[in-house]
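Welcome, and take a moment to look over the model before reading on. The paragraphs below walk through it one region at a time.

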Amino acid sequence: MAEKKIIAVVGATGAQGGGLVRAILGDPSGGFAARAITRNANSDKAKALAAAGAEVVEANLDDAESLKRAFRGAHGAYCVTNFWEHSSPEKELAQAKNMAEAAKAAGVKHVVWSTLEDTRKQVPLSDPRMPTIKEKYKVPHFDGKGEADRFFRELGVPTTFLLTSFYWDNLIYFGMQPKKGEDGKIYLHLPMGEKRLPGIAAEDIGRSAYGLFRKGDAVIGKTVGIAGDHPTGGEMAAALGKALGREVIYNAVPFDVYRSLGFPGADDLGNMFQFKHDFQELFCGARSVEKTRELNPSLLSFSAWAVKNKDRIPIG
Ligand SMILES: NC(=O)c1ccc[n+]([C@@H]2O[C@H](COP(=O)([O-])OP(=O)(O)OC[C@H]3O[C@@H](n4cnc5c(N)ncnc54)[C@H](OP(=O)(O)O)[C@@H]3O)[C@@H](O)[C@H]2O)c1
């Protein structure tokens, strides 16, 4: 039997990389093996991946040499950064550069780089519609990723640029759950006006990335956007209401109100939602649900995700 092609997965203990490791392990005859990269092979999550059949290798995105070792002998690499751990676009850029250089040095044949749009191409810093953040960014957690695309391009690393989407799981883990109002009613507060919010179950990102590795050469050099659905806020509230068995009312929060909510990253997220709102055609157009389903046939729509996760969505 031919030897399996190793996919080195950064973020393997997290949402995106974890989904990819599970997709690889769930298809034992698919021809791929999972190498889970983590800073700590002794964490419970890393041990669980090893027990499930992944090779676990330690590396740190801040340490280029450790990445080179971790990518050695791999056919593919899934490259992702975790902006929210440090909230620094400069650090995110440096980590992406380390991954691109390590992939080049190790001769990796296919990188899938988890990126997002550099919003400054549409909204230059001089555009007053949204505040500039940290002097150089409009949506810091997008702009650094988009800017970092060039490291993979300039080094000639064979890369697929994966434009991810809003995780539906933010309604469980990221404080975006429906909340009870003073009137006792349940509200979904989102600054999306009447526009559509492309989103995806976090687990489906890894499954879609697996589809990209399976496609191989056909998607190298391409930018591929993924989404499970493009619902409006009203449609999301209706689907949640149906899944939870109680009315959920959509509240279209004004962008400025959202930006001033005061939690860490509120300005970044407020600008992000405004970007998705103001450039809906471009943003949705880059994330075809049909093409995502070709990569990942078990892709969940928002309503299917809500039904599946109804007992995990907190209220309030
Ligand atoms: N939430 C959303 O709606 C959304 C949508 C699109 C994109 N994103 C982006 O998704 C990214 C986060 O991905 P995720 O949700 O999969 O992350 P996550 O579930 O929070 O997990 C973070 C992962 O990154 C790894 N990691 C962090 N720093 C590392 C370092 N210095 N060296 C090696 N590994 C490191 C962690 O590994 P160990 O701890 O095991 O070392 C862990 O596996 C963010 O950049 C965010 O902007 C989020």
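Helix axes here are lines fitted to C-alpha atoms over the stretch in contact, and angles between them run from 0 to 180 degrees between N-to-C directions. Helices (H or I, at least four residues) and strands (E, at least two) are DSSP runs, numbered from the N terminus. The model is a predicted one, in which local features need pLDDT of at least 70, side-chain atom pairs count only at pLDDT 80 or more, and totals for chains, interfaces and linings use all residues. Residues are numbered from 1 along each chain as its sequence is written, and side-chain values use heavy atoms, with hydrogens and water left out.

Let us begin with a pair of helices. Two packed helices are described by the angle between their axes and the distance between the axes. Helix H5 (140-154) packs against helix H10 (residues 266-278) at an angle of about 70°, and their axes are 8 Å apart. H5 and H10 are therefore roughly perpendicular to each other; angles of 65 to 115 degrees get that name, while those under 35 count as roughly parallel, those over 145 as roughly antiparallel and the rest as oblique. Pro140, His141 and Phe142 of H5 meet Asp268, Leu269, Met272 and Lys276 of H10, where contact means heavy atoms within 4.5 Å. Sorted by class, the residues of this contact are four nonpolar, one polar and two charged. In this scheme Ala, Val, Leu, Ile, Met, Phe, Trp, Tyr, Cys and Pro count as nonpolar, Asp, Glu, Lys and Arg as charged, and the others, Gly among them, as polar.

Next, turn to helix H1 (residues 15-25) and helix H7 (residues 202-215), which pack at an angle of about 55° with their axes 7 Å apart. That makes H1 oblique to H7. The crossing of H1 past H7 is right-handed; a crossing has that hand if the near helix is turned clockwise from the far one by less than a right angle, and is left-handed if anticlockwise. From H1, the contact takes in Ala15, Gln16, Gly19, Leu20, Arg22, Ala23 and Ile24, and from H7 it takes in Ala202, Glu203, Ile205, Gly206, Arg207, Ala209, Tyr210 and Phe213. The contact of H1 with H7 has nine nonpolar, three polar and three charged residues.

Two of those residues come up again at Thr164. Thr164 sits in the loop between strand S6 (159-163) and strand S7 (166-167). Is Thr164 buried or exposed? At 5% relative accessibility, Thr164 counts as buried; that word means under 20% relative accessible area, with exposed meaning over 50% and partly exposed in between (1.4 Å probe, protein chains only). Beyond its neighbours within four places in sequence, Thr164 touches Gln16, Ser114, Thr115, Leu116, Ile205, Ile226 and Arg287.

Now find helix H3 (residues 64-71), whose buried residues are Ala64, Ser66, Leu67, Ala70 and Phe71. Seen down the axis of H3, these fall within an arc of 160°, so they line one face of the helix; the arc is that of the directions from the helix axis to the C-beta atoms. Their cover includes strands S1 (5-9), S2 (32-38), S3 (55-58) and S4 (76-79), along with helix H4 (89-106). The axes of H3 and H4 come within 8 Å and cross at roughly 45°, and the two helices are therefore oblique to each other. H3 passes H4 in a right-handed crossing. Ala64, Leu67, Lys68 and Phe71 of H3 make the contact with Asn98, Met99, Ala102, Ala103, Ala105 and Ala106 of H4.

Staying with helix H4, you will find Ala96 there. Ala96 counts as buried, at 0% relative accessibility. Leaving aside neighbours within four places in sequence, Ala96 is in contact with Thr81, Trp113, Ala148, Phe151 and Phe152.

Most residues other than glycine have a negative phi. Ser87, in the loop between S4 and H4, has a positive phi of about 55° although it is not a glycine. Ser87 is partly exposed, with a relative accessible area of 27%. Lys134, in the loop between strand S5 (110-115) and H5, also has a positive phi, near 50°. Lys134 is partly exposed, with a relative accessible area of 46%.
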